[in-house]
Amino acid sequence: QVQLVESGGGLVQAGGSLRLSCAASGRTGSYYTMAWFRQAPGKDREFVAVTNWSGQNTYYADSVKGRVTMSRDNAKNTVYLQMNTLQSEDTAIYYCATTTRGGLESSALKYDYWGQGTQVTVSS
């Protein structure tokens, strides 16, 4: 009942920037929390950032803190992930996810809907 579509991934050199988008559609009214996760080959899904639609709470993983900014456009039902100073370890498929939980949630197991992912590759 909720669809998420990520976009904006691509190939970028180390030190560069990229902005990912996640467009939500369907019955999104009860889904208060949006998050970004990433998964590198052979690795588990890793939490990146989370926010609620009010924007009053935003939380980042230590690995990206200071380099990443999560924002949202409520009118467009879209959240963004601005990534700066990209490093090779940022290479992964980035997924958008949503949950009805009102608080910040960093566990992938707690999310109800996921997008298809967008590939980010950082060359060095």
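**Exercise 1.** Does Tyr59 count as buried, partly exposed or exposed?

*Solution.* The model is predicted, local features need pLDDT of at least 70, side-chain atom pairs count only at pLDDT 80 or more, and totals for chains, interfaces and linings use all residues. Residues are numbered from 1 along each chain as its sequence is written, and side-chain values use heavy atoms, with hydrogens and water left out. Buried means under 20% relative accessible area, exposed over 50%, and partly exposed in between (1.4 Å probe, protein chains only). Tyr59, at 40% relative accessibility, counts as partly exposed.

**Exercise 2.** Classify the ring pair of Tyr31 and Tyr113.

*Solution.* Rings of Phe, Tyr and Trp (its six-membered ring) pair if their centres lie within 6.5 Å, with planes under 30 degrees apart counted as stacked, over 60 as edge-to-face and the rest as tilted. By this rule there are 7 aromatic pairs. For Tyr31 and Tyr113, the centres are 5.5 Å apart and the planes stand at 75°, which is edge-to-face. Tyr31 is buried at 14% relative accessible area, whereas Tyr113 is partly exposed at 22%.

**Exercise 3.** Classify the ring pair of Phe47 and Tyr59.

*Solution.* The centres of Phe47 and Tyr59 lie 5.6 Å apart with the planes at 20°, so the pair is stacked. Phe47, at 10% relative accessibility, counts as buried.
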